[in-house]
Amino acid sequence: MSRPTHFTFPRLVGRALLRRCPWCGGKKAWFRTWFRRHDRCQTCGLRWNRGQDGFELGAMTVGVFITGGSVMIFLTAFIASTYPDFQVVPMAIIGAVIALVMPVITYPFTQTVWSAFDIRVHPPTRNEFLPDTPEDLLPAALTVEQEAKAIKSTDMWASPSGKGESRP
Ligand SMILES: [Zn+2]
């Protein structure tokens, strides 16, 4: 496997859409079952929750966009194809079924797609992986300065001095 260092956003999302780990492409990713998730990727060891408070809200937002978007597309297509005689009751019933079923079908993909976005914005550092993660699944070695900058950028409470400050 090539080193997953020169990743591109389409590649990250492509893996996410296959329910794989966006970082390493591992098929197991985080999932035990459709709805249950391990804390770490079962292939590379990258944590799903990158440590920010409210990280799950990102996945929920992805879910809202997918489900809301599906309902909007259906309603638009239904009205456009049956106008001016469209029937409200069947439209409402089918729309409700989509709104209930889509979150179930897309649940794991909301997790992987959100992770793909997050990895693109905050590339992982070596200390986010496990000690036994194979070298070829780790980020390329960074200089000390790059590593410190990357860590600082993922910790909004880090102090410029690096000594740490008390959280409010
Ligand atoms: Zn992985």
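Helices are DSSP runs of H or I with at least four residues, numbered from the N terminus. The model described here is predicted. On this basis, Pro-131 is found in the loop between H3 and helix H4, the latter spanning 144-154. Pro-131 counts as exposed, because 6 C-beta neighbours lie inside 10 Å and the limit for exposure is 12 or fewer. In sequence, Pro-131 and Gly-45 are 86 residues apart, while their C-alpha atoms are 9.0 Å apart in space.

Two further loops contain backbone features. The loop between helix H2 (55-82) and helix H3 (88-121) includes Pro-84. The peptide bond that leads from Tyr-83 into Pro-84 is cis, and its omega is near 5°. Arg-19 is found in the loop between helix H1 (9-17) and H2. Arg-19 is a residue other than glycine with a positive phi, near 65°. With 17 other C-beta atoms within 10 Å, Arg-19 is partly exposed; this count falls between the limit of 12 or fewer for exposed residues and that of 20 or more for buried ones.

The helices H1 and H3 pack against each other. Their axes come within 8 Å and cross at roughly 160°. H1 is therefore roughly antiparallel to H3, since angles over 145 degrees are counted in that class. The crossing in which H1 passes H3 is right-handed. On the H1 side, the contact involves Phe-9, Leu-12, Val-13, Ala-16 and Leu-17. These residues meet Phe-109, Thr-112, Val-113, Ser-115, Ala-116, Ile-119 and Arg-120 of H3. By class, the residues of the contact between H1 and H3 comprise nine nonpolar, two polar and one charged.

The largest nonpolar core of the model has 21 residues. At least two residues of this core are supplied by each of H1, H2 and H3. The helix that gives the most to the core is H3, with four residues. The residues with the most contacts inside the core are Cys-21, Trp-23, Cys-24, Cys-41, Cys-44 and Leu-46.

The surroundings of one of these residues, Cys-41, can be described in detail. When neighbours within four places in sequence are left aside, Cys-41 is in contact with Cys-21, Trp-23, Cys-24, Gly-26, Ala-29, Trp-30 and Leu-46. Among these partners, Cys-21, Trp-23, Cys-24 and Leu-46 also belong to the residues with the most contacts inside the core.

Terms used. Residues numbered from 1 in each chain as written. Predicted model: local features only at pLDDT ≥ 70, side-chain atom pairs only at ≥ 80, totals over all residues. Core = buried A, V, L, I, M, F, W, Y, C linked by C-beta atoms within 7 Å. Contact = placed C-beta atoms within 7 Å. Axes fitted to C-alpha atoms, helices over the stretch in contact; angles between N-to-C directions. Parallel < 35°, antiparallel > 145°, perpendicular 65-115°, else oblique. Left-handed = near helix turned anticlockwise from the far one by under 90°. Nonpolar A, V, L, I, M, F, W, Y, C, P; charged D, E, K, R; others polar.
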